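This report works through a single chain, from the confidence of the model to the packing of its parts and then to individual residues. The sequence and the structure are shown first.

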Amino acid sequence: MGFDGAVRNGTGRARRVARGRVVEVAARAGFVARGAIYVLVGVVALRIALSDDGGKQADRGGALTELAQKPFGEALLWLLGLGLVGMALWLLSEALFGQVGPEGRKPGKRLLSAGRFVFYGVVSYLVLAYVTGDKGSGSGSSDRQVDDATATVLDWQGGQWIVGAAGLGVVAAGLWMIGRAALRKYRRRLRMGEMSAPARRGVDVLGGCGRGCAFAAAGAFLLVAAVRHEPGEAKGVDDTLRSFSHTAAGPWLLVALAVALMAFGGFSWANARWRKV
């Protein structure tokens, strides 16, 4: 067998592994882990809205702290981190060999999977770092990181334009998520025929736009920081959610968003059951 044949043979084996049972289980574990994080962030946000947050942050760090305080918390955190590793590996297989479906090998879809692979790779690393003792991944860190990074970039030449472009990108991502949720684009990725009628209705209810709203709001705060040239205006997830409780609608807007985030967590769990992977 020549070199080209060996390469083709190796690529074929790798593709079969990527479409195999191990990667499928890893992907479903990742959806379970993602759902757990969104539900926990929503729970903490709900406590903030009801003025009983105990000083916890409504972000990834707050979710990890919430879970760590439960019985068998450390074991649960390990499972959460390993689940997110599974999600990253599945996305890497999509980036390398394409997504499920007739258009799954398009460059744009593979590039999107590659970007999500990087994101979930970083998140899984931070979760595992937290459980092994790096509490810098814990409560309050995400907001400080956002503020520090924004302040640094705003000091660059053309920094306002860079931060403004980043804010527009985050807003656009949030609106894209909202639009896809409203149009029920997620149905193409789920095995809807295997669901009962109540399950289909439940998925449509849970597949809402809470995550998109949070993204769009965070992007808007970045835009404010760029326009005003005020680094402190940039907000992480926790500060963004807390800002909702200071609107004219009072805490009820934050309550609604907290429920939406928990619903998206439930939608992630539905993906763990019925997603085409």
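In which helix of the chain is confidence lowest, and in which is it highest? The model is a predicted one, and its lowest mean confidence falls in helix H1 (residues 3-18), at 54, whereas the highest is found in H4, at 89. Over the chain the pLDDT averages 78, and 74% of the residues score at least 70. Where pLDDT is low, the predicted coordinates should not be read in detail.

**Overall architecture**

The chain holds 11 helices and zero strands, so that its pattern, read along the sequence, is α-α-α-α-α-α-α-α-α-α-α. Of its 277 residues, 45% are buried.

**Helix packing**

Two packed helices are described by the angle between their axes and the distance between the axes.

| Helix pair | Angle between axes | Axis distance |
|---|---|---|
| H4 (residues 73-97) and H5 (residues 107-131) | roughly 160 degrees | within 8 Å |
| H8 and H11 (residues 251-274) | about 135 degrees | 8 Å |
| H2 (residues 21-49) and H4 | about 125 degrees | 7 Å |

The axes of H4 and H5 cross at roughly 160 degrees, and because an angle over 145 degrees counts as roughly antiparallel, H4 is described as roughly antiparallel to H5. The crossing of H4 past H5 is left-handed, and the contact between these two helices, sorted by residue class, comprises 21 nonpolar, four polar and four charged residues.

H4 also takes part in a second pairing, with H2, at an angle of about 125 degrees and with the axes 7 Å apart; these two helices are therefore oblique to each other. H2 passes H4 in a left-handed crossing.

For H8 and H11, the axes lie 8 Å apart at an angle of about 135 degrees, which makes H8 oblique to H11. Here, too, the crossing of H8 past H11 is left-handed.

**Residues in helix H5**

Is serine 113 buried or exposed? Serine 113, which has its place in helix H5, is buried, because its relative accessible area is 1% and the cut-off for a buried residue is under 20%. The side chain of serine 113 is joined to that of glutamate 94 by a polar contact of 3.0 Å.

Glycine 121 also lies in helix H5, but with a relative accessible area of 25% this residue is partly exposed. Between glycine 121 and leucine 84 there are 37 residues of separation in sequence, while their C-alpha atoms are 7.5 Å apart in space.

Arginine 180 belongs to helix H7 (residues 159-182) and is partly exposed, having a relative accessible area of 22%. How far apart are arginine 180 and glycine 212 in space, C-alpha to C-alpha? The distance is 9.5 Å, for two residues that are 32 residues apart in sequence.

The loop between H7 and helix H8 (197-206) contains arginine 184, a residue that counts as partly exposed at 41% relative accessibility. Most residues other than glycine have a negative phi, and most peptide bonds are trans. Arginine 184, in contrast, has a positive phi, near 60 degrees, although this residue is not a glycine.

Alanine 225 is placed in helix H9 (residues 210-228), where it is buried, with a relative accessible area of 0%. Alanine 225 and alanine 151 are separated by 74 residues in sequence, yet the distance between them in space is 9.2 Å, C-alpha to C-alpha.

Notes:
Residues numbered from 1 in each chain as written. Predicted model: local features only at pLDDT ≥ 70, side-chain atom pairs only at ≥ 80, totals over all residues. Heavy atoms only, no water. Axes fitted to C-alpha atoms, helices over the stretch in contact; angles between N-to-C directions. Helix = DSSP H or I, 4+ residues; strand = E, 2+ residues; numbered from the N terminus. Parallel < 35°, antiparallel > 145°, perpendicular 65-115°, else oblique. Left-handed = near helix turned anticlockwise from the far one by under 90°. Nonpolar A, V, L, I, M, F, W, Y, C, P; charged D, E, K, R; others polar. pLDDT = per-residue confidence, 0-100. Buried < 20%, exposed > 50% of the residue type's maximum accessible area, 1.4 Å probe, protein only. Polar contact = N/O pair within 3.5 Å; in protein donor to acceptor, adjacent residues only side chain to side chain.
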